[in-house]
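Here is a short tour of how the strands in this protein pair up. Have the sequence and the 3D view open as you read.

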Amino acid sequence: MTSRTVTLLDVARAAGVSKSTVSDALQGSGRVAAATRDRVRAVAEELGYRPNSAARRLRRSSTGAIGLHLPRTATRLDYYMNLAFGAVERAQEEGFDVMLLAPTGVAGGGGSSDSAGPTSPAGTTSPANGPIASRVDGLLVIDPEVDDSAVPGLLDAGVPVVTGERYLGPTAAPTGAVICDNAASLTALLDHVTERGARHPAVLAPAGTSAWATALRATATSWARERGVAVALRTVPFAATPGEAEETTLALLRTDPSVDAVICAPDGAAPGVLRAAATLGRPVGPDAPPAAAPHARTATDALPRTPLLIASCVDGTATRSAEPPVTAVDLRPAAYGRACAELLCDILAGRTTPDTVRRHAWALETRAST
């Protein structure tokens with residue numbers, strides 16, 4: 001591997017250990033078994049790894065800042081804005097400023113002033129050579145997607161990285177993670193609507209390669225198989241708008257009018273499901289009386305007017321202020337952001353060890369829509 005600089009990630013892959021283990025083994029720190037330390041050092045020597053002494057000096061001093069990387073759709077969603085505020089608040093309690101990283105670049109790339117520096121073949125700033133390791137003490141990477149080209153570089157930026165949710169890609173694991181049991185939250189919603197009388201629920205699951213999206217799609221399928229209940233699964237954009245949710249729900253209910261509950265995953269999209277129900281004359285809520293069917297002048301008039309239950313995988317202003325208010329999973333985004341920042345601060349301060357995974361609790365908020 002002489003055609004380019006050998007990185008810690010290269011050594012980690014060859015030795016079959018995490019990047020943090022390689023760092024500890026080479027620096028003689030942490031709790032690394034002697035056999036592992038010797039193997040890592042032998043692999044590093046074989047590959048020709050040379051530590052970046054300048055980066056090591058930088059890591060021993062504090063920049064007073066941490067970086068925050070959000071999904072590309074984050075600016076459209078209340079969830080991520082609340083999460084960011086929570087992270088900023090907790091970081092400031094530890095004396096850190098928070099640098100929001102441009103979503104289209106790696107380590108400060110994507111058209112911002114931080115994008116100066118050599119670029120990789122993919123056209124993104126290389127964190128090993130770019131400025132990010134000299135400007136932040138650590139990184140928060142929220143809902144990392146496998147197809148986000150920025151994430152592998154961020155994980156190899158040379159500073160501790162905490163992810164909000166697991167990263168399912170092939171690169172080395174982050175230094176730490178804060179995760180939710182997303183399979184359990186969708187299971188709770190599906191169990192709830194069936195307990196309220198639904199016999200043929202539908203799930204508008206998010207597209208994408210994040211752990212959240214992947215878990216929801218898999219859970220809808222496994223829940224249907226285990227319960228012996230038919231679930232109509234439809235995929236919508238990760239950040240589907242109310243209009244996109246409305247269009248998908250209209251098509252679903254016209255094609256399969258026996259659907260009696262719709263669980264909408266994306267943040268803020270549930271009002272679109274409510275509009276679709278109103279368009280088709282489907283009353284919302286378990287106690288809503290069936291609407292009187294008009295004389296069938298159109299195909300829509302001929303559809304059944306039985307009640308429809310509606311729920312959301314993400315709570316927020318849109319679900320709380322809807323008419324009727326929509327049952328939803330409260331993921332407590334501000335508290336989640338705080339938890340991610342707290343774990344990173346604990347790692348930086350030596351209060352916890354690398355490879356720490358913490359769990360974040362959610363709550364099911366039942367409302368009139370179910």
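## Strand pairing in the model

Strand S10 and strand S12 (residues 363-365) run antiparallel and are joined by three bridges. Within this pairing, Val 329 sits opposite Leu 364 in S12. Please keep in mind that this is a predicted model.

S10 (residues 327-330) also pairs with strand S9 (residues 309-312), this time in parallel, through two bridges. Here Ser 312 stands opposite Ala 328 in S10.

Now for another sheet to trace on your screen. This open sheet has six strands in the order S2-S1-S3-S4-S5-S11, with parallel pairing. Strand S2 (97-100) and strand S11 (356-359) are at the edges with a single partner strand each, so one side of each has no neighbour in the sheet. On average, neighbouring strands of this sheet are turned by 20° against each other, direction ignored.

| Strand pair | Direction | Bridges |
|---|---|---|
| S9 and S10 | parallel | two |
| S10 and S12 | antiparallel | three |

Which helix lies across S5 and S11? That is helix H13 (residues 333-348), which also lies across strand S1 (65-69), strand S3 (138-142) and strand S4 (161-164). H13 runs at about 160° to S5.

Methods: Residues numbered from 1 in each chain as written. Predicted model: local features only at pLDDT ≥ 70, side-chain atom pairs only at ≥ 80, totals over all residues. Heavy atoms only, no water. Pairing = 2+ DSSP bridges. Helix = DSSP H or I, 4+ residues; strand = E, 2+ residues; numbered from the N terminus. Axes fitted to C-alpha atoms, helices over the stretch in contact; angles between N-to-C directions. Contact = heavy atoms within 4.5 Å.
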